[in-house]
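Good morning, colleagues. Please keep the structure in view as I speak.

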Amino acid sequence: MAKDAPRPVIVWFRDDLRLADHPALHEAAATGAPLVCVYVFDEQSAQLRPPLARPLGAASRWWLAQSLRALSSSLQTRGAALILRRGPAADSIAELARQLDAAAVHWNEIEIAPYRAVADDLAEALSIAGIAHHRHHGDLLAAPAAIRTKEGRGLRVFTPFWRRVLSLGDPPQLLQAPARLHILPDVPSDDLASWQLEPTAPDWAGGLRDTWSVGEDAARDKLHSFLEGLPGYSTGRDRPDREATSRLSPHLRFGEISPRQVWFAARFAAAERPAVAADVDKFLSELGWREFCRHLLVDHPDLAARNLQPAFDDFPWTGDDTALHAWQRGRTGYPIVDAGMRELWHSGVMHNRVRMVVASFLVKHLLIDWRLGEAWFWDTLVDADPGSNPANWQWVAGCGADAAPYFRVFNPVLQGEKFDPNGDYVRRWVPELASMPAKFIHQPWSATPVELAATGVTLGGNYPAPIVEHKAGRARALAAYAKLRQR
Ligand code: FAD
């Protein structure tokens with residue numbers, strides 16, 4: 001670089017793959033210095049810090065590849081490029097900063113212990129090299145430090161937590177995406193394909209491609225079309241047979257949209273159309289659960305590995321691999337469970353109500369440790385989130401913060417009949433049952449042999465018989481729980 005050329009500024013992209021409301025990019029661009037926008041694919045740091053840091057699951061890797069392509073193309077339309085590097089993030093960025101004689105590095109903080117640890121390492125390396133660094137905030141509605149008890153602990157019950165967040169008022173105003181970016185040219189970059197984030201042999205990602213448009217533009221369009229059709233969210237959100245929820249979770253997971261953008265757009269919708277205000281409040285409180293789960297990680301960084309209630313450490317899990325496999329493949333014989341697991345396999349997500357039902361089925365009817373279910377979700381969800389996934393699994397299993405009590409065992413038949421009354425969701429994902437009338441679709445075993453034959457269903461043949469009988473499964477779960485309490 002010429003001696004009198006302005007020193008470049010690096011923006012380190014992480015789980016914030018967007019240009020709008022991106023404080024680090026905004027501040028870096030405002031300096032007027034030539035920018036270097038970098039993403040580092042870092043699997044090594046995760047290996048150094050198990051179980052806190054976890055390598056991405058397969059579905060998330062697929063999403064990441066699409067999201068990086070989308071970000072790269074948005075940067076190109078503004079005259080910039082996305083530089084890709086692979087390796088331990090702190091070392092890679094510090095080395096790049098030294099090589100380019102950067103004036104500063106900017107990034108958005110992610111309040112998750114392993115992310116913070118990498119950022120701390122980078123901050124230290126930069127300080128030693130005499131390079132400035134700036135840590136910004138854009139991943140949460142409220143800083144964890146602002147929501148603590150008098151004793152300095154995070155809140156473990158959702159309602160007071162959310163009340164506290166609401167009492168802080170609106171989060172900071174949104175930042176526009178920079179219209180034009182001035183970049184430092186000719187910085188070498190990896191080729192995304194060389195990271196092999198997407199499956200090839202076999203290519204199982206067809207369902208993901210059919211289901212999703214990935215990236216910041218898609219996230220913004222989805223938010224706006226969701227808010228236009230909002231009435232009925234509060235009740236419709238529990239219906240897997242309807243498209244009543246936003247489907248923003250993977251976009252939020254990878255930071256293609258910020259919670260603040262969702263907050264302000266939703267508040268604006270409520271101000272414009274008071275009739276949807278109650279639905280907006282409910283929707284924002286769901287966003288509050290994401291926030292709650294992320295805040296939980298501050299005090300409990302090992303949320304995916306350890307029961308929040310230690311009493312559960314002695315729980316007598318007895319489930320076996322055959323049952324786990326049947327659950328994973330959607331072959332339990334319970335249509336709502338199987339539909340959910342197959343939706344997950346195909347599309348990388350599952351409706352929230354059905355996530356609760358399948359998770360409850362695994363930990364209660366099959367007595368399988370929730371961590372095995374969480375790990376399967378981690379690998380197969382495109383929205384697999386370090387906070388929301390383990391926190392919700394612990395919630396369902398009864399061992400978490402503000403958890404559903406263990407003795408509340410979902411009946412998969414009643415759940416199906418209540419939330420998928422016509423069976424449309426089951427018919428979509430379990431085509432063997434497509435001809436089943438609504439009255440049998442959630443319990444095909446209650447149809448007579450003649451009725452079964454008329455629908456082309458053979459239980460134990462083209463569709464499994466239930467792998468556990470509901471009443472017996474429930475009784476066994478409650479007995480295991482009673483044993484735990486005795487201890
Ligand atoms: P909407 O109803 O439109 O909600 C808006 C946003 O609020 C969501 O995008 C999400 O960011 C957040 N949200 C909603 N419900 C929850 C919740 N219960 N916990 C935390 N955040 C919530 N969500 C994830 O984002 N990642 C996960 O890995 C994840 N794992 C889960 C595992 C289990 C066992 C269960 C029961 C739930 C899990 N959830 C997870 C929560 C929830 O199922 C999804 O966030 C929701 O289905 C996403 O759909 P949506 O975007 O249409 O939600």
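Predicted model: local features only at pLDDT ≥ 70, side-chain atom pairs only at ≥ 80, totals over all residues.

Helices here are DSSP runs of H or I with at least four residues, strands are runs of E with at least two, and both are numbered from the N terminus. Counted in this way, the protein has 22 helices and five strands.

Let us turn to overall dimensions. The radius of gyration is 24 Å, close to the 23 Å that the globule rule gives for 487 residues, so the protein is as compact as a globular protein of that length. Along the principal axes, its C-alpha atoms fill a box of roughly 85 × 50 × 50 Å.

Next, the interior and the surface. Of the 487 residues, 56% are buried. Among contacts with a separation of 6 or more, 78% are between residues 24 or more positions apart.

Finally, the helix pair. How do helix H16 and helix H17 pack? H16 covers residues 370-380 and H17 covers residues 388-397; their axes lie 10 Å apart, at an angle of about 145 degrees. Their crossing is right-handed. From H16, the contact draws on Trp-370, Gly-373, Glu-374, Phe-377 and Trp-378, while H17 contributes Asn-389, Pro-390, Trp-393, Gln-394 and Ala-397. Sorted by class, this contact comprises six nonpolar, three polar and one charged residues.

Thank you for your attention.

Methods. Residues numbered from 1 in each chain as written. Heavy atoms only, no water. Axes fitted to C-alpha atoms, helices over the stretch in contact; angles between N-to-C directions. Left-handed = near helix turned anticlockwise from the far one by under 90°. Contact = heavy atoms within 4.5 Å. Nonpolar A, V, L, I, M, F, W, Y, C, P; charged D, E, K, R; others polar. Rg over C-alpha atoms; globule rule 2.2 N^0.38 Å. Buried < 20%, exposed > 50% of the residue type's maximum accessible area, 1.4 Å probe, protein only.
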